[in-house]
Amino acid sequence: MHVHPLFALRSVSVDLNHDASLLIDIPDALCERDKVKFTVHTKTTLSSFQKPEFSVPRQHEDFIWLHDTLVETEDYAGLIIPPAPPKPDFESPREKMHKLGEGEATMTKDEYTKMKQELEAEYLAVFKKTVQVHEVFLQRLSSHPILSKDRNFQIFLEYDQDLTVRRKNAKEMFGGFFKNMVKTADEVLISGIKEVDDFFEQEKTFLLDYYSKIKDSTAKAEKMTRAHKNIADDYIHVSATLNTISADDSTKVEGRVASDQELKLTELLRYYMRDIQAAKDLLYRRARALADYENSNKALDKARLKSKDIPQAEEHQQHCLQKFDKLSESGKKELTSFKGRRVVAFRKNLIEMAELEIKHAKVSSTIQPPAAKGWVCSV
Amino acid sequence: MADTARDPPPESTDFQELEDGEDLFPEPAATQESGPASLPAEDISTNSNGPKQDSLFDDDPEDLFAEATEEVSLDSPERDVLLSDGPSPAITPITPPTSVITPRIGLAHDDMFTHSSFDEIEEEEGGDSFDIHIAVSDPEKVGDGMNAYMAYKVTTKTSLSLFKTDEFSVKRRFSDFLGLHSKLASKYLHIGYIVPPAPEKSIVGMTKVKVGKEDQSSNEFVEKRRSALERYLMRTVKHPILLKDPDVLQFLESSELPRAVSTQALSSAGLLRMVNKAADAVNKMTIKMNESDAWFEEKQQHFENLDVQLRKLHASVESLVCHRKELSVNTAQFAKSAAMLGNSEDHTALSRALSQLAEVEEKIDQLHQDQANADFYLFSELLGDYVRLITAVKGVFDHRMKTWQKWQDSQLLLQKKREAEAKLQFTNKPDKLQQAKDEIKEEIEELEGKVQQGERDFEQISKTIRKEVSRFEKERVKDFKTIIIKYLESLVQTQQQLIKYWEAFLPEAKAIS
């Protein structure tokens, strides 16, 4: 299935393509079996790139590779790394398509066609979503003053060969898994450690709490939109059997409300859930740095006591302190701008969602009466 | 008396085995007496005897309607009535429409299926505009424990002269409704009238109510039942013949009604009904009717299709109701979650907006619930009613087939007897010959009468069905139109409310700075 998502609903975040020096978008995507191939298109005035405009094909795994390399870069420890885009998930529509195929015999031709259309719309919605999410990831990077200059990012955008060689091999993947395990230990660390800075203390409390709330809201919003979809499907069956004009239109409207709501509210929540996770990651790293610094202090004291290895201990302590300070400084900046970004994004999306709801409700309330009259007369 | 009155001669070839069963269900003799008294005066003559066979009551001088009240056949519904239902139904035989209209039209007619009487009834209808409204309300629990039951108030408002007053009400319980239905079914179904089916029993539902659970689901159950009972009564009185039936009138008007015991689900009567239904189904498969009338074939096909479509639609709508309820629950949960999120949010304007969002979603949840109710009560229940109605229609067609079968059987028998008569001519036993000849002549005469009656019955039932079906179709279209318009209106209203809510929310979202 080949799709031009030019009409796709634009970024969940505020439009990040401000800076004309580096403009990235995904104008095209192809769906082959399980794999989605994105066409990453770059337009730049920066001399660091070989050409002013170019496109490369990329797979989802390439994005993950890029994300992970950024996370593992020490220098970026004080930054909020934009969350990795989730894997494209066509499981749900695919399953439904399968069931539809099996049940074809029990439905009228009309019903089958409508169900198929509905399913295709769902497929398309998932598709649009995944393209959008991958696009936003790249745009976050390009608009970040430090990350946009990352060498690997450049390679990602420019390298016209397959990136497979550079991607995680099995061993590294295991390393990644291990890293995740360590992170959960960090979670205990972050909540336990005594915070020296008020700002970070507040942020920590806020983020931890907010994260759990937003996770809950995301889950509930998903359930809501799923129920909405079920209703849309029911209406198709009902209208097919009733064979009326008004029911037809209401189906389309109900169905579309579900998929638009899906894109707006749920995606907003989901995106920020991941973003907050990224912010939390920053806090972990800082907490680790703080722990390191405290340990180095203890080591220095011990060394002084024993009058042994004092210069190394001092150097180590200085190093830890620097790292910690650097993290705190950039961390503060990052978290402040993160908050601003979040508020703006919520505003935009809530407005758009409300406007869509109104539009759809108006459409269905005006379609039904005249169509109903028409049907009634024809009986 | 109980036995003689109710002991049908074993002419029916179908259900021999049930005669033995008869003894297992001893009906208290006392109730026999109460039977006649419970019915309006007009019907007394036909009350005191059980369902008749011609042979039994030819000599009953007091029975003015002996000829009129001929049995059509001893097929299962009547047997069923005879053996299983309480005294009143058994005692009320196939009441001819003529006797019902006795006060107005007079007793002129012999043949219970008289064509002209039906026409006269229709003329009557023309005079009286259909003005009767029945409401079922105020469900009240009476008694305690497993013997408890719900009593409903049945209020009739009418300007028809058929009734004594303009407005009156009585208290009835569910089994009373079932009793009414079984009486009507026994009287009218086999002659081709589409008798509206009564609401279904529900052991689970009722037990909950009896046990005294005052929760949401038992309230819903009672409401569902109340609404179904109301629709049932309205449908019944909309039928011009049924409206004037004395049982119906008694049901609506009289303050005391004898209990219909045999309608209990778990009774032996109930079991017998099930056996009969099964036997019926088998029987239907074996009757091969030569359909000479294309109209019937076409209509039967039409109803088969309609049945399939309605069942499908009903299932879809039930699924819709279920999902909408789910949506409502999920929306409520989301609203709570969004409120909590709003509380966590430290940016004031955003926090307020999120709280507002939570409120909007809560209101929407309520909307969804209301819509689900509309889905259900308007749409789904109507479909359920019609699925059951179509079953009744199909039943009526089946009765026509049985009537035809009986006619054919009589014809066959007649032919056999005639052959036997012819054979008798060649016997060599002169002394027995005359006796045998006389016997056979008698039998042949009798059978000839039966054949004629069978043919008449068949023609009449065919005619009745034609009328009934056209009436049914008209009603169906009207019903569906009304309900669907109401339903669509409810949908539109929901959408308009949604608009209001979201428009109120929009400025809040815009106010985030």
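The model is predicted. Chain A has 379 residues, and chain B has 513. The largest nonpolar core holds 137 residues.

**The chains**

- Chain A contains 8 helices and 4 strands.
- Along the sequence of chain A, the order is β-β-β-β-α-α-α-α-α-α-α-α.
- In chain A, 53% of the residues are buried.
- Take the contacts in chain A between residues at least 6 apart in sequence: 75% of them join residues at least 24 apart.
- Chain B contains 19 helices and 3 strands.
- In chain B, 52% of the residues are buried.
- Of the contacts in chain B with a separation of 6 or more, 75% are between residues 24 or more positions apart.

**The nonpolar cores**

- Seven names head the list of contacts inside the 137-residue core: Ile214(A), Phe346(A), Leu350(A), Leu233(B), Leu252(B), Leu357(B) and Trp502(B).
- Helix H18 of chain B, residues 348-424, gives this core its largest share, 25 residues.
- A second core is separate and has 32 residues. Among them are Cys31(A), Val36(A), Leu70(A) and Val126(A).
- Leaving aside residues up to four places away in sequence, Phe346(A) touches Tyr210(A), Ile214(A), Leu268(A), Leu269(A) and Tyr272(A) in chain A. Phe346(A) also touches Leu350(B) and Leu354(B) in chain B.

**Helices H11(B) and H15(B)**

- H11(B) spans residues 174-188, and H15(B) spans residues 246-253.
- Their axes come within 10 Å and cross at roughly 165 degrees.
- An angle over 145 degrees counts as roughly antiparallel, so H11(B) and H15(B) are roughly antiparallel to each other.
- The crossing of H11(B) and H15(B) is left-handed.
- On the H11(B) side, the contact uses Asp176(B), Phe177(B), Leu180(B), Lys183(B), Leu184(B) and Lys187(B).
- On the H15(B) side, the contact uses Pro246(B), Asp247(B), Val248(B), Gln250(B) and Phe251(B).
- By class, the residues in this contact of H11(B) with H15(B) are 6 nonpolar, 1 polar and 4 charged.

**Helices H13(B) and H18(B)**

- H13(B) runs over residues 216-238 and packs against H18(B) at an angle of about 55 degrees. The axes are 11 Å apart.
- That angle makes H13(B) oblique to H18(B).
- The crossing of H13(B) with H18(B) is right-handed.
- H13(B) brings Glu220(B), Glu223(B), Lys224(B), Ser227(B), Arg231(B) and Arg235(B) to the contact.
- H18(B) meets them with Phe376(B), Tyr377(B), Glu381(B), Leu382(B), Asp385(B), Tyr386(B) and Leu389(B).
- The contact of H13(B) with H18(B) has 5 nonpolar, 1 polar and 7 charged residues.

**Thr482(B)**

- Thr482(B) sits in helix H19 of chain B, residues 430-510.
- Its relative accessibility is 42%. Buried means under 20% and exposed means over 50%, so Thr482(B) counts as partly exposed.
- Thr482(B) and Leu378(B) are 104 residues apart in sequence. Their C-alpha atoms are 9.8 Å apart in space.

Key. Residues numbered from 1 in each chain as written. Chains lettered and ligands numbered in written order. Predicted model: local features only at pLDDT ≥ 70, side-chain atom pairs only at ≥ 80, totals over all residues. Heavy atoms only, no water. Axes fitted to C-alpha atoms, helices over the stretch in contact; angles between N-to-C directions. Helix = DSSP H or I, 4+ residues; strand = E, 2+ residues; numbered from the N terminus. Parallel < 35°, antiparallel > 145°, perpendicular 65-115°, else oblique. Left-handed = near helix turned anticlockwise from the far one by under 90°. Contact = heavy atoms within 4.5 Å. Nonpolar A, V, L, I, M, F, W, Y, C, P; charged D, E, K, R; others polar. Core = buried A, V, L, I, M, F, W, Y, C linked by side-chain atoms within 4.5 Å. Buried < 20%, exposed > 50% of the residue type's maximum accessible area, 1.4 Å probe, protein only.
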